[in-house]
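Work through the exercises below with the structure open. Try each task before reading its solution.

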Amino acid sequence: MSQNSFDENEEEPLDPAVEMVRRRMLRLQIVSALIMIVSLMAVFGAILYKVFNKPDAEEVVSSGAIVPSDAPRALTATLPRGFVIADISYGNGQALIYGTKENGEQTLYLYDLNTGRMAADVEIRFD
């Protein structure tokens, strides 16, 4: 007898308002699932792009200076005799060497590591 009442309850049609809410919820669930799938595909695509498009070792730039993969660069900055270095700073592929010459003049030398040559010789004078 309890089985007959269960079958009768299951076969009854839903109220039209409840059926409309059920359909809206089903559509919302489908749209949400599609958005999630597209988002995951975009993330995986970006990861695969990054993995397969790595730059070569020689193309990696560190502060403007290109470092070869087989050996470090060997550069020589030629300074005048008697030059006393007071300070050296480095940035953007250039080295700034500050010091004084033999005659006491304060001087800045700007050495470009990319080209391997002295880019500027700046004498400091006070009036």
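**Exercise 1: a surface patch**

In this predicted model, a nonpolar patch on the surface is formed by Met-36, Leu-40, Val-43, Phe-44, Ile-47, Leu-48, Val-51 and Phe-52.

Solution. Step 1: take the patch as a whole; its accessible area is about 830 Å².

**Exercise 2: salt bridges in a helix**

Which residues are linked with Glu-19 in a network of salt bridges?

Solution. Step 1: check Arg-22. Its closest N and O atoms with Glu-19 are 2.8 Å apart, within the 4 Å cut-off for a salt bridge. Step 2: check Arg-23. Its salt bridge with Glu-19 spans 3.3 Å, N to O. Step 3: look at the spacing. Arg-22 and Glu-19 are 3 residues apart in helix α2, so about one helical turn separates them. Arg-23 and Glu-19 are 4 residues apart in helix α2, also about one turn. Step 4: join the pairs. Glu-19, Arg-22 and Arg-23 form one network.

Arg-22 or Arg-23: which is exposed and which partly exposed? Arg-23 has a relative accessible area of 51%, so it is exposed. Arg-22, at 43%, is partly exposed.

**Exercise 3: the hairpin**

Describe how strands β5 and β6 pair.

Solution. Step 1: find the strands, β5 at residues 106-112 and β6 at 117-124. Step 2: get the sense; they are antiparallel, with 7 bridges. Step 3: pick a pair; Leu-110 has Ala-120 in β6 as its bridge partner. Step 4: inspect the 4 residues between the strands; in this hairpin Gly-116 takes a positive phi near 75°.

Terms used
Residues are numbered from 1 along each chain as its sequence is written. This is a predicted model: local features need pLDDT of at least 70, side-chain atom pairs count only at pLDDT 80 or more; totals for chains, interfaces and linings use all residues. Side-chain values use heavy atoms; hydrogens and water are left out. Patches are made of residues with over 30% relative accessible area and no salt bridge: like charges are joined within 9 Å, nonpolar side chains (Val, Leu, Ile, Met, Phe, Trp, Tyr) within 5 Å. Accessible areas come from the Shrake-Rupley method with a 1.4 Å probe; for residues, only the protein chains shown count as cover. A salt bridge is a side-chain nitrogen of Lys or Arg within 4 Å of a carboxyl oxygen of Asp or Glu. Two strands pair if DSSP finds at least two bridges between them. Helices (H or I, at least four residues) and strands (E, at least two) are DSSP runs, numbered from the N terminus. Buried means under 20% relative accessible area, exposed over 50%, partly exposed in between (1.4 Å probe, protein chains only).
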